[in-house]
Amino acid sequence: AIATLVAPIVVALVMGIAALAREIEQQTTNFAWSIAPSRAAWLRDRMIPILLVVLALGLAGGWIGDILMGLRQRGVDPWRNFEGLGLRGPAIAASGLLVFGFAGLVGAAVGRQLPALLISGAVIGFGVYGAFT
């Protein structure tokens with residue numbers, strides 16, 4: 001059950017950083033931005049496929065979390081129960097998108113993969129810890 005929450009967040013974290021920080025670190029953005037119609041179009045073309053993958057993985061994780069809750073408590077409808085609300089359902093997809101956006105922002109600001117991963121992981125880890133305590 002924990003993997004249904006953690007997997008979309010970890011994938012979103014790694015893909016969010018890799019989308020921009022890798023390009024900036026390898027200095028391919030200078031060449032790509034010079035031949036692209038605009039920087040916004042280049043960013044859009046990079047982000048939309050990754051966003052769709054993160055959203056699909058988050059929805060699949062939420063769906064599996066609902067199924068696991070339904071199997072644990074046979075008489076309870078997972079869609080009408082508030083138990084574990086942030087740990088299952090569409091909330092997992094939303095948390096994956098939030099982590100992806102934050103990781104992309106940190107990756108763009110820092111411009112290096114490993115420091116961006118460490119900073120994003122620490123901030124997101126403290127945020128998750130603070131939300132659940």
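Start with the largest pocket of this predicted model, which has a volume of about 260 Å³. Select Ile 9, Ser 95, Leu 98, Val 99 and Val 128: of the 14 residues that line the pocket, these are the closest to its centre.

Now colour the helices. α1, α4 and α5 each supply at least two residues of the pocket lining. The largest share, 6 residues, comes from α4. Which classes of residue form the lining? It has 12 nonpolar and 2 polar residues, and no charged ones.

Keep Val 99 selected and go on to the largest nonpolar core, which has 21 residues. Val 99 is among those with the most contacts inside this core, together with Leu 13, Ile 17 and Phe 100. Four helices each supply at least two of the core residues: α1 (2-25), α3 (39-72), α4 (90-110) and α5 (113-132). Of these, α1 gives the most, with 8 residues.

Next, select Phe 100 and show what surrounds it. Leaving aside neighbours within four places in sequence, Phe 100 is in contact with Ala 12, Met 15 and Gly 16, and also with Met 47, Ile 50, Leu 51 and Val 54.

The last stops are charged pairs. Side chains of opposite charge can pair when their charged atoms come close. The structure holds 4 salt bridges, and this tour visits some of them.

Select Glu 23. Is this residue buried or exposed? Glu 23 is buried, because its relative accessible area is 8%, under the 20% limit. Glu 23 forms a salt bridge with Arg 22, with the closest N and O atoms 3.5 Å apart. Arg 22 is partly exposed, at a relative accessible area of 35%.

Arg 46 counts as partly exposed, with 34% relative accessibility. Show Arg 22, Glu 23 and Arg 46 at once to view a network of salt bridges.

Finally, select Arg 112 and Glu 25, which form a salt bridge with their closest N and O atoms 3.6 Å apart. Arg 112 lies in the loop between α4 and α5 and Glu 25 in helix α1, so the pair ties together parts that are 87 residues apart in sequence. Arg 112 is partly exposed at 47% relative accessibility, and Glu 25 is partly exposed with a relative accessible area of 32%.

Note on methods
Residues numbered from 1 in each chain as written. Predicted model: local features only at pLDDT ≥ 70, side-chain atom pairs only at ≥ 80, totals over all residues. Heavy atoms only, no water. Core = buried A, V, L, I, M, F, W, Y, C linked by side-chain atoms within 4.5 Å. Buried < 20%, exposed > 50% of the residue type's maximum accessible area, 1.4 Å probe, protein only. Contact = heavy atoms within 4.5 Å. 1 Å grid on protein atoms, 1.4 Å probe; cavity = no way out; pocket = protein on both sides within 12 Å on 5 of 7 lines; lining within 4 Å. Points joined across faces, edges and corners; volume = space filled by probe spheres on them. Nonpolar A, V, L, I, M, F, W, Y, C, P; charged D, E, K, R; others polar. Salt bridge = Lys/Arg side-chain N within 4 Å of Asp/Glu carboxyl O.
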